Amino acid sequence: MSLQHIEQPVTIRAREDRTGLGADFPRLANRTVIRILSRYGILIAFLAIWQVSSRAGWVNAAVLPPIDTIVSALWNGLAGGTLLGDIAISLQRAGLAFAAAVAVAIPLGLFMGQVRAVETALDPILQVFRQTSALALYPVFILLLGLGEASKVFVIFWATLFPLLLNTISGVKQVDPKLLEMARVYGATRLTAFRRVVLPGAVPSIFVGLRLSATTALLLLIASEMIGANKGIGFQVMNAQYNFQIPLMFAAIVILAGLGLIANQALVSLQRRLCRWSNPID
Amino acid sequence: MATTSGGEVTIRDLSKSFTLGGRPLAVLRALNLDIRSGECLVIVGASGSGKTTLLRILAGLEAADSGGVAIDGRPVHGVGAERAVIFQEPRLLPWLTVLGNVAFGLEVRGVPKAEAEDKARFYIALVGLAEFSDAYPRQLSGGMAQRVGIARALTVQPEILLLDEPLGALDAMTKIGMQEELARIWREENVTMVMVTHDLEEAIYLADRVLILPREKGGAARLVEVELPRPRDRSESRFVRYREELLREFGLH
């Protein structure tokens, strides 16, 4: 306590400490408020300005409805169940495609990163595929697979595949050859070296790919649902706009944003758990 | 946990050259050497003299062009369980704790995890890192990380410990402490130690014999027997005289 008295002017502290919760309480509370404000202040201000401008009629409330109207549309959609079906079908499409991309890209990337000949042979075609917008190919997929679920899942899968594949390959290639030599000195077989050195070393890079792919999956999900679907959140956004149910449209957009945040957060916490060693603070 | 005797190295007519800019560059020319079981041999030489190459051939990481190496009479082809290497960099796996890294050598050889970790704990204590068993490599200083590398090599209980400038990257103070540690470990573990260094004082402090590799063509490798009692005193006059003798070998005195 004596140190604190030296650091802090005593008169000011004594006057503040009337809560009976100890001298540290107001300071700690202040710090929490400051931390929240410095992180979310601009977001809160943005929502507040939106709400006020819409209510005050500074902007066209028919196009930018107030936040509370959007929230109640969201609540009605979720509680009434109309949006739940859309969420389910969208999650199914994106989830299937993402899972398929993971199942293909990670093993393929690990293999390609290990065997130089395979990588050399496949790299040009991968670069061409990667640079070709998946959306531009969507009509081709529709022609090949029909307008049903298959073409939607496939276009998402296609777009999701490449970020994950390329990051997995680079993760494997970035593994320090000196560590591999060390493993060799201890008699590690190629398989053991792969399992104990290459694979864990590539994990951070694989996670970069997973996060990029998750974002891409949601993007392509919406695009494909806007083009040819009669269900799904992307479809709801478009459909609500056609029918001029603007609060519902925004509710669907909010759900999309929420899905993106949840997916990213889930991957971040999984990464934290798996890559504790590379975190600055445990 | 001292190993039994063994670890006798025979080097016969060993030659190795590299191609540099299209021309062959001989780094080792018909080298002959017998390394005694349990001795500490330190290899010194100017850069380009092939000292690291020699160590890598002993480790089985590189093959000789001609001639060969035998350990306890058995010719060396590739890496082997009776040898362990300590590199200039600690080469720790950043995703494993100190314990995991030290146990790694045994685990890749198929020793069950619990048994490997038991042994690892013993050697972690031996290098003075017992309270850092659960730390990750990024939390360690350079000297501590190198101790982990040393413990990992000791854990597999090799007959021959090969050290490639293991203290080269450390600051002067840490280095002296680690030299004392290496001398202690060598004595306690009764292991044959072959070490490459460019630090002559380090060579005299640790070596039973110092091998000086020639740089110029036609030069012969030379062996200097260091007959000083242990533990050695760096300021002693005989120590200083050995240092002068080695400096003369390099034409620096």
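I began with chain B, where four strands form an open sheet in the order β2-β1-β4-β5, with antiparallel pairing. I noted that β2 (23–35) and β5 (74–75) of chain B stand at the edges with a single partner strand each, so one side of each has no neighbour in the sheet. I keep in mind throughout that this is a predicted model.

Strand β4 (residues 66–71) of chain B is joined to β5(B) by two bridges, and the two run antiparallel. Within that pair, I found Ile71(B) opposite Arg74(B) of β5(B). Next I asked which strands helix α1 (residues 51–59) of chain B touches as it packs on the sheet. They are β1 (9–20), β2 and β4 of chain B, and the direction of the helix makes about 120 degrees with that of β1(B).

My next entry concerns strand β9 (residues 209–213) of chain B, of whose five residues four are buried, so the strand is largely enclosed by the rest of the structure. I traced its pairings in both directions of strand. Strand β3 (residues 40–45) of chain B runs parallel to β9(B) and is joined to it by five bridges, with Gly45(B) standing opposite Leu213(B). Strand β10 (residues 222–225) of chain B, by contrast, runs antiparallel to β9(B), with four bridges between them, and here Leu211(B) faces Leu223(B) as its opposite residue. As a reminder to myself, strands of a sheet pair through backbone hydrogen bonds, in either the parallel or the antiparallel manner.

I looked up the nonpolar core next. The largest one has 130 residues, and those with the most contacts inside it are Ile156(A) and Ala252(A) in chain A, together with Val42(B), Ile43(B), Val102(B) and Val194(B) in chain B. Helix α8 (residues 149–173) of chain A gives the most to this core, namely 14 residues.

Finally I set down the overall figures for each chain. Chain B has seven helices and ten strands, whereas chain A has twelve helices and zero strands. What radius of gyration would a compact globule of 253 residues have, and what does chain B have? The globule would be near 18 Å and chain B has 18 Å, which agrees. The C-alpha atoms of chain B fill a box of roughly 55 × 45 × 40 Å along the principal axes, while the C-alpha trace of chain A spans about 75 × 65 × 30 Å along its own. Buried residues make up 42% of the 253 residues in chain B and 30% of the 282 residues in chain A.

Definitions and conventions
Residues are numbered from 1 along each chain as its sequence is written. Chains are lettered from A and ligands numbered from 1 in the order in which they are written. This is a predicted model: local features need pLDDT of at least 70, side-chain atom pairs count only at pLDDT 80 or more; totals for chains, interfaces and linings use all residues. The radius of gyration is taken over C-alpha atoms; the globule rule is 2.2 Å times the number of residues to the power 0.38. A residue is buried if 20 or more other C-beta atoms lie within 10 Å of its own, exposed if 12 or fewer, and partly exposed in between; C-beta atoms are placed from the backbone. A nonpolar core is a set of buried Ala, Val, Leu, Ile, Met, Phe, Trp, Tyr and Cys residues joined through C-beta atoms within 7 Å. Two strands pair if DSSP finds at least two bridges between them. Two residues are in contact if their C-beta atoms, placed from the backbone, lie within 7 Å. Axes are lines fitted to C-alpha atoms, for helices over the stretch in contact, and angles run from 0 to 180 degrees between N-to-C directions.
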